[in-house]
Amino acid sequence: MPFFEAWRLAFRVILSNKLRSFFTLLGIIVSVGFLVAVVAIIQGMNAYVKENIAGAVIGTNAFQVRRTPITIGLLDDEQVRIIQRRPRITRRDAAAVGRALPEARAVALQSGWPTPSSDVRYRNQRVGDVLVFGVTPPYQTVQDYRFTAGTPLTDPDIRERRYVCALGFEVADKLFGNPALAIGRKIRVAGREFTVKGVIAQKGRVLGQSFDGFVLLPLSTFESIYGRRKTTVISVKMNHAEAVAPGMSRAEEAMRLAHRLRPGEENDFTVDKADALVEFWRNLTRVLFTVIPAVVAIGIVVGGIVIMNIMLMSVNERTREIGIRKSLGATRADIRRQFLVEAITLSTLGGALGVAAGWILANIVSYVSPLPARITLWSVAVALTLGAGTGILFGVYPATRAARLDPITALRRE
Amino acid sequence: MPDCVIQTRELSREYQLGSEHIHALRDVSFAIRRNEYVVIMGPSGSGKSTLLNVIGCLDSPTGGEYWLNGQEVSRMGDLALARVRNREIGFVFQTFNLLPRATALHNVELPLVYGGHSARERRLRATEALARVGLADRMDHRPNELSGGQRQRVAIARALVSRPSILLADEPTGNLDSATSQEIMQVFHRLHADGQTIVLVTHELDIAAHAQRVVTLRDGRIASDERTRSAA
Ligand SMILES: Nc1ncnc2c1ncn2[C@@H]1O[C@H](COP(=O)(O)OP(=O)(O)O)[C@@H](O)[C@H]1O
Ligand SMILES: [Mg+2]
């Protein structure tokens, strides 16, 4: 029997038992759907982390000199204890890094984690939970901030500890409706009065999180309100990506000198770039990518065993049909092909339904939650291959049993 | 022997049931010539079905030789046997053995599917075979939409469609009423008149009366082998 005939026959059998076929395939559908959906979400988040978060948090072509690494969550207790004994990052450190990197686009000092939040008021208008950053003027360059209205913070603002601020777009929009109207107005932040100098253009949302709900204060003013904090960070922006790595090592040297570290002594600071965040994320997804195959493998094996059982049942039910076909000249290969093609068609269909289910699931997730999803071709290919492979693996035994049946024995079966 | 379709020598078939040996066939030697119409008779359990199944390559002998068209079938492997069933033998069962989900046409096409014929040729030949048994207008019916007699006609068309050298029928009227049985027997007579070699198992005497030759089995042995009238 030609392959096409076997395939057509398989389709007829599968379609004539729609419900049974569906339940047979449930294991495959769920496993493959899970695979596709989770991979889509991880891939989507990967792309997002790379394209948005890293740039938004640190800035492009930028790195940071920090007391604690960004990825502190991955350290063990002992490492955390050592890090907690490190000295703070000071203005002197920032100046030293600035001198070591004359070609840097900007070297800034900024208040670090945890960023305090405050109500911001203008007359009877109020915006809650606005993030308050204390920064030096170059920070605005590091972050690639563009001003839709007014002017950036300046060095005299820092030196004279002025009560001025720059607003994130969302805050200005909520308080004044039009950013231009905000300039020169007096607003209240953390219970003190500030004059608005500028409004920063919209950066948009990442993972459902607005990056425009903040207010920038001169670092000196910030510290007089919130105190001098241990988490101050130096941000450095280079002119292009290739300058980042050499810049990082020169900054490291400058910091070692500034902290008077002897050769062989360990750094008491960390030089991190945005990649550290991406790296952190990558480590997380690596863990996921080792867990997922295990879960999917279990699902597929269970699904495969179900398929094998149903196929054995089907061979049993259709013993007489097999006898009839053999009496008419079907060879062992014909019968084996018939049942194998049926198993493969069935399980590939399961793979396809699983891809559809996973696609729908991923879209639902990205619709109702901030998690983005990105369906990748390779996960679809893997899913379909898994489906077909399961059919082959678990279809061989039932098909071989069907093929081995003796014609007269098969015909006598009721 | 000239022009022999089938030749057997000391053909035997034993079954092992627990510790008991059942000799369903013992040393059956006979020959069937082209265009013969042979009826096999005998009491129930005498080995008629066993003999027909062995001749039809559905069952294998445990001893002796079986030659079909000059080829020794009793030495053939699985693949060659499938080929013989497909091309040389048309088998009609008492219980019809049609595929219940398939239409009459598709049931009749089936041997040609395994014979590797093109879809066009399959359709052509299956239509022709159904017309020969008077079912040209029932091609798209499924078995459950056909009467017993019509089902058996479909089965006969299926047995004929690959133009076998021999048509075997095991009590083809066993499940039919006497009027329908008469019609089915008419179909066999017509096929024989057209030159088809036929071996038919029955235990109805009036059916045997139409045959050229009656072989009677008893306890797995040939008890008698008679020509009832000279060839027409
Ligand atoms: N599969 C089998 N296993 C054991 N004994 C069998 C089997 N098939 C047939 N027989 C025995 O072989 C003998 C001949 O059976 P069969 O050819 O069906 O007789 P008939 O068709 O003449 O009634 C009987 O005794 C029957 O019980
Ligand atoms: Mg019988």
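Trainee: What does A:Phe11 count as in terms of relative accessibility?
Mentor: A:Phe11 counts as partly exposed, at 28% relative accessibility; with a 1.4 Å probe and protein chains only, buried is under 20% relative accessible area, exposed is over 50%, and partly exposed lies in between. Please note that this is a predicted model, in which local features need pLDDT of at least 70 and side-chain atom pairs count only at pLDDT 80 or more, while totals for chains, interfaces and linings use all residues. Residues are numbered from 1 along each chain as its sequence is written, chains are lettered from A and ligands numbered from 1 in the order written, and side-chain values use heavy atoms, without hydrogens and water.

Trainee: How many aromatic pairs are there over all chains?
Mentor: The search of the whole structure gives 10. A:Trp7 and A:Phe11 have ring centres 4.9 Å apart and planes at 55 degrees, so they form a tilted pair. The rule pairs rings of Phe, Tyr and Trp (its six-membered ring) with centres within 6.5 Å; planes under 30 degrees apart are stacked, over 60 edge-to-face, and the rest tilted.

Trainee: And where do A:Trp7 and A:Phe11 lie?
Mentor: Both belong to helix 1 (residues 3-16) of chain A, four residues apart, about one turn of the helix. Helices (H or I, at least four residues) and strands (E, at least two) are DSSP runs, numbered from the N terminus.

Trainee: What about A:Tyr139 and A:Tyr145, buried or exposed?
Mentor: A:Tyr139 and A:Tyr145 are both buried. Together with A:Phe133 and A:Phe214 they form one aromatic cluster.

Trainee: Changing topic: where is A:Asn61 found?
Mentor: A:Asn61 is in the loop between helix 2 (18-58) and strand 1 (62-66) of chain A. Its partners in contact (heavy atoms within 4.5 Å), not counting residues up to four places away in sequence, include A:Val236 and A:His240. A:Val236 is 175 residues from A:Asn61 in sequence, yet 8.5 Å away in space, C-alpha to C-alpha.

Trainee: Now the interface: how many residues of chain B are in contact with chain A?
Mentor: 22 residues of chain B contact 25 residues of chain A.

Trainee: How many salt bridges are between chain B and chain A?
Mentor: There are two, where a side-chain nitrogen of Lys or Arg must be within 4 Å of a carboxyl oxygen of Asp or Glu. One salt bridge joins the side chains of B:Arg122 and A:Glu5 at 2.8 Å, N to O.

Trainee: Which elements of chain B give two or more residues to the side that touches chain A?
Mentor: Those elements are helix 2 (78-87) and helix 3 (104-114) of chain B.
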